[in-house]
Structure formats: C-alpha cells, structure tokens
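Keep the structure open as you read.

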Amino acid sequence: MTDTILALKDVALTLAGNAGMVEILRGVTLNIARGETVGLVGPSGSGKSSLLMLMGGLERATSGEITALGADLTAMNEDALARFRRGNMGVVFQSFHLIPTMTALENVALPMELAGVGDAFTRAEVELRTVGLAARMQHFPRQLSGGEQQRVALARAAAPRPAILLADEPTGNLDGANGAAIMDLLFGLRDQHEATLVLVTHAPELAARCDRVVRLADGRIAGEGMV
Amino acid sequence: MTLALAARIARREMRGGLAGFRVFLTCLALGVAAIAGVGMVRAAIEVGLRDQGAVLLGGDAEMGFTARFADDAERAMMAGMSAQVSEIVDFRSMVLVGEDRRALTQVKGIDGFYPLTGDVVLDPALPLDQALAPVDGIPGAVMDRVLVDRLGLKTGDLFTLGVQRFRLAAALLREPDGAMGGFALGPRTIVLTSGLARSGLLEAGTQFETAYRLALPGGVVLSALQSKAEAAFRDKGMRWSDSRQAAPGAERFVDRIGSFLILVGLSGLAVGGVGVSAAVRAYLESKVATIATLKTLGAAGATIFQVYLLQVAVLSGLGVGLGLLMGAGVPLLAAPWIEASLPFPVAFGLYPLPLLEAAFYGIVTAFVFTLWPLARFAQVRAAALYRGGGHAGWPGLRHWFALAGLIVALLAGAIVFSGSMMLAISTAGGVLAALVVLALAALALRRLARRAAQWGVVRGRTALRLALGAIGGPREEAMSVILSLGLGLSVLATVGQIDSNLRSAISRDLPTRAPSYFFVDIQQDQIDGFLARLKDDPGVSKVESAPMLRGIITLINGQDAGAASGNHWVVQGDRGVTYSDSQPDNAKVVAGQWWPEGYSGPAQVSFAAEEASEMGLQLGDSITVNILGREIEATITSFREVNFSTAGMGFVMSMNANALSGAPHSFISTVYAAETAEAPLLRDLAGAYPNITAIRVRDAIDRVTEALTAIATATAWAAGASLLTGFVVLIGAAAAGVRSRMQEAAVLKVLGATRARILLSFALRSALLGTAAGAVAIVAGGLAGWAVMRFVMESDYAFEPVSALVIVVSGVFATLLAGLGFSWQPLSARPARVLRADE
C-alpha cells in the first residue's frame, strides 16, 4: 500500500472571467504518493497551472477535497494555508518571483525565517552553494541572469526541506542550456531531499523524466500513465 | 518574533529608496509644518506675554477703578503692601489742533513714577519726565506717531485736550504697557495727570479709568495679596490684576485664534492625507507580486500587514520630522518680521508642546489614511502571482475598529490641544462633511462624464470626448483631484464668502441703522445746549441721549454675581447704567412693569431681557451694583428688549431716576445725521464743549473691520497651506498618470491624432476637473458662509460672485498647471517604443 501525500477528490475550480463564469477544472481526482515525481502536461488552458496552485493552497477550490500530508487544505483560510506551506511545500514559478529588494541569500533564507528556523542564513548559504551560486549570494535579483534567478528560486523552494515541491514550468523563461541545467538541479534536489515533485511542463523530455505523467484537457484528467 | 521578522523584511523592502514617496513625504511635511508653525508662533507670543507680564502690566500688580480715584483707605493699603505705587488715569478724548483739526485719542495721565517697569521709547529720544515737563507753563505731551502724522503736528506744536493746551515734545514709538489697552479706538497720548487738572476732562461723572501699579518687594505671594485686596475692596468696585496674567484678553485672543488656525491647518493635513493614501496605494500596487510571493513562502496576512505598517511608520516619522523642522525653522527665520508686526512681546524659541501637537496630528493622520490600503493589500492572495489581480475583499473587523480608534484619538487630541470641544468637533465635522461631499461629487462627476462622452453633441469633438472618457474611466484621477484641491478651495471659499458678506453687511446697514456719532462726557449743565444745537440742524434725523454711569454688578440676591450668573459677560467688568423717571419711547418692556413717574421708593431696575434670561434672573430678584464706590441694591421689576447689534444706545440696566440722579454723572448721546452734516456738527459741538468726546461710528467700525480683515488674512494663509498641499497631491496624481497617458497618447498617435489634439484633450480633462473642484468648493463655501452669517452673525447672507469666480479660476489654473506639466513626456514619446515596452 502506497503512502499518499497529496490527494484530490472530485475537485472543481470555477472563476469569474470577462465573459462570465469559466470552468477551469471539472471533477479532478488524483492521488500522489510520497516521493513520487509527477508531470502535469496538456495544452494551454487545460488547467495544469491551476491544478498545481490548488495543490499548493495558492488557489481555493470551488468544490471537492484536497488533502496534503493528511491536512484538509479546503478547510483552511489564507493564513492557515500560508503557515502550512512553511516547511511543507516549496513552489517554483516560471517567472521566478524573487523579491527584488532582497539579495539572493535573503530570498533563500526568507521562508525559513518565516518558519522561525534559527540558522536560516547558514542553511540558505549551503543551499546557494548547492545550486552553484556561492559567488552571487549578495547580489540582488536584477543583477542576476534569468538562469541564475531561477536557481535562486530553486534554492529558496528546497531550502526548508519541504516534503512537496511544486514547479510551474520552471524552464519556460529560459534558453535550452539553462533550462536543462535547472531541470538537473531540480531533480537533483528532489533526490537529495527525497521530496515529492509535481511539475507542470510543456516539454515532453521533461515529462519523460517523471515517474508518472498526468495529461489534462479541458479541465479534466484525459489520461495518465507510468513512464 | 513576528514583529522582529516583519521589521527585517520591511528594512529589506525599503532598500528601493524613497523615490516613490516624494508626494507622501511632502504632503505630510507640509501639513505638520503648518500646524507646528502656527503652534510655535502662538507659544512664542504666550511665553512673551508671560515673561513680560510685569512690563506689560506696568508693575507687579494693579488695582483698578472706574470713574474715580482711590480713596485714602485704598491708598494706605497700597502703600503698605508695595515698595512703590504709580497712578495712571486713562480715558478717551478729542485732540484739537488749531481751529478745526480734531481726532480721537486715548489719553494716559501719569505720575512721576511711570513706568515702574520697561521703557517708553520716544522720537526724539528724550527721557519721559523731560518730555512731559512744562515749558513756559505749558505742560508737555507725547503722542503716537500715527496721530502725530494724522494731525500734521511736529515737535513743539501746541494742541488742546479739553480746555488745556499741551506742547508736543516727542512722538511715542513704544509704551511698555501698550498691549494692555485692549481694543482702543484712538491712538495714545501721554501727559502728566497734574497737567490735566484744569482740562475739565476729569470732572465728577466723566468716564475715565484709574489704575494703581504696584512695585512689590521680593518674596510676595501674589495670590495671597490678591485675596487680601479683594476681601477689602471688591465691593468698592476694585479690579485686581497681576503679572501672572498681565494681558488676559490678548492671551485669550491669541489662544483662540491659534487654536482655530491649527484646526484650519488640520484640514490641510486631511488634504495631505488624500495624497498620503494615494501614495501608499500606488506603492502597495507595485508590491502585489512581492506580497503574493511572501504569502507563497508562508507569510500570514498579519506579517504582511506589519511589514508595510512598519514602512509607513518609518516614512511617517520621516515626513513628520521634516515637517517639524520646517514648522520650527520658518517662524525662527521670520521672527524679526513677525515681531515687528505684532503689538505683543514675542519670545521665539524651540517649544516642545506645539511640536508634540503637530507630530501627534501628523502621525495619527498618516495612519488614518494608510490603514485602509494597508489592510486591503495584506489580503492579496498568493494566486495573484500567476493569475494577476490585486487586493481581495474588505478589511477585517479589527481594522475597522482600529480605524475608528484612530479617528477618536485624533478628535480627542484636537479637543485636548484646542481646549474647545465645540471648536474641535465643528471643525472636524466640517472637514469630514466636506470630504464626504467632495467624494460624492467626484463619483457624480465620473458618472456624468461617462454618460456625457456618449452624447450626440460630443460626437465629432474628439478631444472633448476623450477628456470626458478619461474622467469617467476607471482611473482614480477625478477622485484624487477633487478631494485634494476641493478641500483647500472650500476653506478659501468659506473665508471669502464670510469676509465679503461681513463687509457688505457693515456698508449696507451702517447708513440706515447705526448712528453717525457717539458723544460721551456731556456734563449735566451742557446737555440742554447740546440738544438745542442738534434740534435746529436739518441734517440730523434722530438724537437719543441718556444719563450715563458705570457700575459693576457685585451681588445677585446676596450671592457673588460671578458665581450666581455662571460668570456671564455682564458681570465680568463695569457696565453702562442709566436712569429714567418715566418709560422712554424706545424702551419695549417684555415682562413686568416700569415704575410710576415720580417714583421715590427703594431702587428698581429694568434689565435687558436676553441677558437676564442667560443669567437666570427673575422678576423680583435683587442685584447690587457698585457705582463710584457706592453699593446700590435694586429690585428687578421689568425686563426690556435691548438691541446691541445696531450700534445704537443700549444699556443693560436702567434704574429709577431717584436711585441715581444724585450721583455725579454725565450724559451720552447718539446722533443720526447725514454724512454731509457730520463735519460742521462736530466742529460746532466740539468748539462749544471742548470736554465732550465724539466717537465717529464709521471710524470705530473701520477698526472692527481692520481686525476682521486681519483674522480673514490669517485664515486665508492657513487655508493657503491646505491649497499648497492640495497642489502637491495634484502633482502626485499627474505624475502617477504619466504612464497611462503615454500609452493613451501612443495609441492615439497610431490612430492618427495630432499632438495638438492630444494636448487639447489633456488640457480639457484638467480644466473640467479643476472647474468641478472649484464648483464644489463654491457650494461648500456658500453653505458654510450662509450658516455662519445666518446663525453666528445673525445677519443676512448674499452669494458673493467675485470671490467665487476667483476660486473656480484658481481651481482650473492649478489643475491645468499640474496636468500640462506632465504632458510633455507622453506627447514626445515615440509610439512604437511605448507600445513595444507594454508588450
């Protein structure tokens, strides 16, 4: 029997758009096991990113149940979700979303500071060395290249040792070489910390590196399979 | 722990610098500076008055009497308690130069000891005793420079007071106790009292005041001395004052006008608050991604709120600090000019209390205006990172309570600092009401503009349609402009409406309702001849005359009058008292009965009805009045209507003839005459009766108007600070709109619009907004003006169009200046670059 870390049951997401209510996700049911690597693929607008955001508690489901590490995310308010993410989840975005007024080191230390970790900066330094940015710790995001910024974002997501890593097209804004390096790092960190990784991607070669691929179309799971 | 972390994050956030906070800092600094500046000047005057108490009073303490000199017992007591006593006599009189040059003057008769403290400054710089010494039997005199110039006198010239000739020895530049005179109708002349002996001006029954200044030995407790003197002589009409509060009238006036101006300054701070709020909103808008990222990383709403609250606190501290520096520095720089233009001693320095007051107002206002956006942006959801969009929902209940608490704190502070609950609440209510009206007007304008943009008449007028579309569009420009400019303009409009209405009320009512002259000190043997001269003059339409004495109400039904009447103004000093055997034609009795003709029983008094009602007096009550040191107890047997507002003759008390006719007294007369008849009338009467003093009502009203103008000017200056702050907010709004205007101009250029047409559209937009702000200000100013004229001044109100037009033009000009100043960049930018950058 597998140990389920993320469970979605009949989840729907409907949002208000310019032309009225739009159904983004319709009745998604999905279980992800601890340590598993899952790729979410599908055409644009199929609901991949929205599904990932629901898993991270960054979005609120219209209906259905979402359980992460045994906790019911749908029963939590914004602040409870924020507190839950501390130490349990790391999120990597396509657009990096580093805080522009903080150095690379401060960006990485921040989630641990929020979680009240005493040696946040020591651990952030270690993490930045791991992603190859030992020389860039005191640099601000605007002084870093796109690839370097995404490495900082990876370090920031991985530093608190979260059980779940969520990545939303982490190579979408990078060239091929940088993209490949980032993916190596991401999978390396996942292996190192034995985290569960859920990855949204358009790239078949990235999906191919996952244990399982879930295909979405029109807000529903259109198929899935082991790689 | 959370707060420490929030502080760390806030510190990192502020590395971006203060570039986005120029408007925030300027608005706050200007508002605080205006309040601190007014407070510093007020404190400087108050300290000046207190420090110079003995000099202002002319001694350590003073005992004053009305229409009499101190008797032997009083003199003996004064000599016993002091090291030196100086006697002053003070009265109004006419100066006559040659045959026909006349002017009203306030005469001060002194003895050889004056001044006990301070110095009299003369031009030429003579010692005072030398200036006043007789030369060839003619006593010397010094006279205020204004009066010297008005009468065309030069040193050595002769002039007459009553029937005594004096020689002008010098011009009076400064009398140390000058601020004590209060509201004087004529400039000062100083002579020796001994020189007045044969002037005929100090006869029994004439109106004069005496003051005995005491130089006290060291270690005397003033309060104990006051109690002793009052216990002995209060019932004899003695007034006590001492250096603890030498100029209570001036102090009260400065305190009140200072409080009022500070509250006007507070409205400027409210205008600044609009700018502060806009700046914080714009800043937080740019931080949506950061806030969402922080949420993604596990930050709770409370942490986010703390992070940005701390930043606002630091910025507020900086803005308030800058404001305090300006507010403390500018009065110090302007000290020589302020000192020269005030009749009070001013002690400039750094006073902590006004700075504390300004800082309190600044900080609380900053939080009142920023709490709302802070609370809303703390609720930005993490989903904003990938879905866009900003704030979610309304702030929680605790933020509502916090906001209410801050407003209550602001109001409580205003009540404590201003010392007047009515003044604070009415000003705060006025500002709040104005803000609400302005906000509603802005909403209405946006809606109207949105509709008007679709009207047929606008089709083909592209610039106008674009302007209307922009005003009615989703940007907050209309709200910002109307709130910021409207409040300052509203205060100015109110001042303008009240000022011009007061002036026109005076000029409208003066010829029909007020007399031309008051004549005082007409002796009993002069009154018949005086009236005969007026009777034959065709230019004289009406004459009223009455016996005039002055008295202090000391007891009401045997109780202390002050305590029994709630310290009503009627018992706070001496009042005019008249007598009459029969009921005069103009006396309208509203309750009780006038005494029968020839009545010779116990004293009866007819009291002014309105004042009696305020004092809680009833028919049958007894009042004790001290007249010339003698106590007269009279029963109130009637109340009558007295109108004090027409400048005609009005006595609070009229007694039966037998009660007073034996006392020494003079007559007062009001004469209603055509303006052309005034000069010959004055010449004849003053020539025949040199001791009589004529007060021209027009001159007296001119003095009142001057005082009102000074208050209006001070208020306009304080409102000017609001307007300047409003202009800064306008500039901030215009600067914030540059990006969207660039985009708009680029698209319009792509579609074929010329730069002239785009500029016209921008100008129309500014002009429309300015006109709207001005129009709302006129309505608000008109309403406030009407309320003040109708309910406070109890006069008629008429809309004053000139001041209103100035307000609208100012509004248009200010918005055009701010709007067009930021049009150059959008007009000159290449469309391709702008549009590419937006992709």
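A:T122 counts as exposed because it has 12 C-beta neighbours inside 10 Å. The cut-offs are these: 20 or more other C-beta atoms within 10 Å make a residue buried, 12 or fewer make it exposed, and anything in between is partly exposed, with C-beta atoms placed from the backbone. This is a predicted model, where local features need pLDDT of at least 70, side-chain atom pairs count only at pLDDT 80 or more, and totals for chains, interfaces and linings use all residues. Residues are numbered from 1 along each chain as its sequence is written, while chains are lettered from A and ligands numbered from 1 in the order in which they are written.

A:T122 sits in helix α4 (residues 120–130) of chain A. Helices (H or I, at least four residues) and strands (E, at least two) are DSSP runs, numbered from the N terminus. A:L105 lies 17 residues from A:T122 in sequence and 9.4 Å away, C-alpha to C-alpha.

Now take helix α5 (residues 146–158) of chain A, which holds A:L154. A:L154 is buried, because 27 other C-beta atoms lie within 10 Å. Leaving out residues up to four places away in sequence, A:L154 touches A:V92, A:V131, A:I182, A:L185, A:L186 and A:L189. Contact means C-beta atoms, placed from the backbone, within 7 Å.

Next, the strands. Strand β1 (residues 4–17) and strand β4 (residues 63–68) of chain A pair antiparallel over five bridges. Pairing requires at least two DSSP bridges. A:L8 has A:I66 in β4(A) as its bridge partner. β4(A) and β5(A) form a hairpin with two residues between them. There, A:A68 stands opposite A:A71 in β5(A).

Notes:
Contact = placed C-beta atoms within 7 Å.
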